[in-house]
Amino acid sequence: MAAAGGAKPSSSKKSKKAVLNKSRKGNLHVFQDAPIYDLLKYFDRAPDQWAARYILIFSTIILKSAVGLGSYLGEGQLPIHGDFEAQRHWMEITNHLPVSQWYFFDLEYWGLDYPPLTAYHSYIFGKLGLFLNWSWFALNDSRGIENPGIKYFMRFLVIISDFIVYGPALIHVLSLIGKRFNMNRIDHIVFTAAFLCQPGLILIDNGHFQYNSVMLGLFLFAVAELIRENYILASIWFVLAINFKQMALYYAPFIFTYILANMFYNYYDVSKSYRQLIRSFNFAKVFLVGIAVLLTQVVLLLPFIWISFENGFTFDILRQIVIRVFPFQRGLFEDKVANFWCTTNLVIKYRELFTLPQLTRLLLLLTLASIIPPNLLIAWKLLMNKKFTKNSTHRIVILLLGFAITSWGFFLFSFQVHEKSVLVPLMPTLLLALTRDRFDLVLIQWIINVTSFSMYPLLKKDNLVLQYFTCLLVSNWIMGALNVKKNTLMIPKDSLFWKLIIVSSYVAMLTYHISDQFLAPPARYPDLWLILNTTISFAYFGIFWLWLLYRAYVLN
Amino acid sequence: MAKTSTGAAMSLPREVQSKPEPKDQPSSSSPSPTDQFSLLNIWLILLAPKLLVAVGYHSTDFDVHRNWLAITHNLPLSQWYVEATSQWTLDYPPFFAYFEWFLSQLVPAPVKADGCLQIVPVGNYGLPTIYFQRATVIASELVLFVALQWFINTCQLYLSKKRAYAIAASLALSPGLMLIDHIHFQYNGMMYGILVLMLNCARLDQHLMCGFWFAVLLCFKHIYLYLAPAVFVYLLSGYCLSLKYDNKKSLVNNVVGLIQWTNCLKLGLVVASVFTVAFGPFAYYGVLPQLFSRLFPFSRGLTHAYWAPNIWAIYLFVDRVLIQVYKSVPLSRTILQRVFQFNAGLLSNPDMLNKSTRGIVGDIEFFILPTITPQITFILTLFYQIMALIPLFFQPNYKRFVGALVLCGYASFLFGWHVHEKAILIVIFPITFLVCNSKSLLAPFNLLVSCGYVSLFPLIFTPGEWIFKVTFTFMWFVIFYVAFNAVVKLPKNVGGSSGIMFHRLTQLYILGLVPLILFTSMMDLFESKYEFLRKLEFLKLMLISVYTALGIISSWNGFSWLYFVDETLW
């Protein structure tokens, strides 16, 4: 067991490392005062620490199953349904129909519109479901089925998928990063618990009903391989992530940049002239990575390709998959979301100013403008800055920052964004909490709260208000922001600017919750509270994104 | 377990920990001791599961308490114990009725509109009522937290504080309370809070307050009458009598001096006034007979539909086994007939037999073994209670007192008439206060809590709560298994192979609960798929109650042994 090596470094070793990481001196006992110590008091001996870790992991299952007692989107509202019915329906059709029909069958009724890996996932779990109770997944007859049996079976599947993919991935990445940053072991166990209990993810996966954690878990495996400089494996994991849920594409530009920037031999030695730099490019390795990506994709599509060949080289199915997975024909802004377009649309009516193709081009331009410069900056730093040598902690920080910045850029500026998509940029942002000091921790706990807040309108639709507040309580409690005793991590101590920002954001959120709960919006603007929510969220997301950019810029 | 043998070596690495903590002395470093051992954080995080399960399953007890809210709110006091629109009539003592009346005053308008306060045969309520009543349980549980915090704060030494904290945390986080109060729906948290107040008064030698709190507790819920003998003897021997024979005085003086008259008078006054406040108003209205007939209904059967894990579960199990033997082995019939002298005619009636083996409580519970009457259960309970009281009478100190409470609880739980599985808390709460005193107590304790809590599982039978109840209980057990092992006092006479053997066996037995839970859960899971499993519903419950009953009886034996034999403990 990994935890067997959990003995703390001896004091001499510690001091040596402390000299190495002067900037991170304060990080050794981030959670020294966290309330969770009240429960882990008896586990602080090294041989018991592994128990503490498993206790926390299992405790998150308690939380998840308890959230699952709440309703999912569309429960009890028969004609509408929601993601729950969609997932159940996919389990039904993948088990009853031939592969060739999966992406064609009755598209009007929750047709399959996720990539193949989700379809296989549905197929396997559907098999299990059919074995347990045939009536839950009877073709056509089971539509809109609602009973405790199917509900908790599906809830169980989410917890299991999460436990198989997301949990191990998170533990793996955290221990990798924790080791590099010489983190206190209990701290790093607390981080694991905190990220497993991340309110947004629990509420969406175990409440609203989706399988985001699987995609995020696959992505985390890719991050782990990137940290270990195993780019072929990383790209395979990443292709898997995309094939589970297309939302993982938010990370794609940066993983491309990062792998490409790492394809130079000894670049910091030869970087005196650009010609030498270009000459040091490792074409063979790039080729290998490309082949790995291609092969993985082909293997994932194999059943579909097989049928295409059988049907005489007609690639209708593959085209249909692409059409279903990337529905470009949908509108530009879906709902009211806390991103740039929905927010500025309040003032500037884009649809009146531009035609649709123009608008599409504008969207694309701004998205690229938000993503390309930071990517270039990071690539430049990786190539030219000697501080970013292999095995340096700077490299891990810039890797996480890059993922965070790129995906936040996508979330804030691209089109067709769901409020749930915020989980994608949040994931690398969370990992950043491990890399510096308490100050970052405060900001990251704060952004966790803001992201949950931004999903509140959706959760209210799901009847998950109680669960929303409880999950926030748990998350803040674990991270030590809600500590009855002392040393609250809610508000930073040293920076006046951030103090103002964070306090103002909490005041704004509170105002929103009170007005949403007790005041009806004016008749002229029925969406006023919703807009208030998205505007508040966008403002603070924007500030946070700028801060990330600044951090990437000053990191030297 | 390596820990049992290397207990002494264990404490060494603790000293070189990163967290510098002074040992065996009042903490003088920056975090003040009350800060370090505060239950507030635990209370805060526990809010989360409590709130989340609020929307899940609740039992008919929820409607029972809702009905009581309605009765106490709408009717005059004289009618409380007379009203019978719903079958869930008020059958708790007066303080609980007052408490319900108080709660009913707090019902906000939307909850009222939801039907919370209607006197109807079957409650017709929605989410607002659920939220309100769940909130009252969570709020009333504060009594427990305050009591436990007081218990911690009144410990003087650092080490004893540390032990008290482990005890308090284990009770605050108890899966029993989570399952019974917050899912099933009852107000045990508050009741046991009062019990803890009483115990701590006893610990601090405040006999008068001890008597006061116990009287209050009795007026809240009369199930605690089972503990009354221990409290009575403790107060009698420790407060009202002085068992010292003074040779200088005459015999008469000694006899008079035997009784501490002022103490008797004070205690009598306190207890009497509590009972007057409770029962006085009802006596004034002349409804005491109705009240008492509600409190003590004797029309119920020996066991519940689901057998509580006690002696009678084993007894019934043996009866069911003998029935099968009788039916399938013709040779055995005459022997069985000779030995037990039962009415064979009953066994030939398949309808009756079917009903009974399914666990439906009918008039006849036993077919082959002799029938158990309430008198028998009463005598057995009293006998074992008196056994426990004799040492207490001669040695009325705190530890003996808690030990006697535990044994009284055990006796009533194991031999009582119509015992609920929920009543196991009456044993678990007091025994937890003792467990840190000696490592040898850990084995019976672990056996008791694991079997006791697992026996509560059938109470929450809905699929949604399955993961919750299992993981919560499992986590609790692991946390406090380690915690108590870390803080417990080591016995003076280390060694003794029988103790270690018992320890090992209990651990094996506890591990056996895992396949038990898995197996019964699998039966649940496949019920909709395989028709025959539905007929075996009763077998599943029987398995759980017999297995846990054996565990609880063994833990009782282990504890009794220590209570009566190991003098160093007390």
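**Exercise 1.** How many helices and how many strands does chain A have?

*Solution.* The model is predicted: local features need pLDDT of at least 70, side-chain atom pairs count only at pLDDT 80 or more, and totals for chains, interfaces and linings use all residues. Residues are numbered from 1 along each chain as its sequence is written, while chains are lettered from A and ligands numbered from 1 in the order in which they are written. Helices (H or I, at least four residues) and strands (E, at least two) are DSSP runs, numbered from the N terminus. Chain A has 25 helices and 0 strands.

**Exercise 2.** State what percentage of chain A counts as buried.

*Solution.* A residue is buried if 20 or more other C-beta atoms, placed from the backbone, lie within 10 Å of its own. In chain A, 47% of the 556 residues count as buried.

**Exercise 3.** Describe the contact between chains A and B.

*Solution.* Two residues are in contact if their C-beta atoms, placed from the backbone, lie within 7 Å. Chain B gives 36 residues and chain A gives 38 residues. On the side of chain B, the elements giving two or more residues are α2 (7-15), α4 (40-52) and α26 (466-487). The residues on this side of chain B are 23 nonpolar, 9 polar and 4 charged. Here Ala, Val, Leu, Ile, Met, Phe, Trp, Tyr, Cys and Pro count as nonpolar, Asp, Glu, Lys and Arg as charged, and the others, Gly among them, as polar.

Technical notes: Buried ≥ 20, exposed ≤ 12 C-beta atoms within 10 Å, placed from the backbone.
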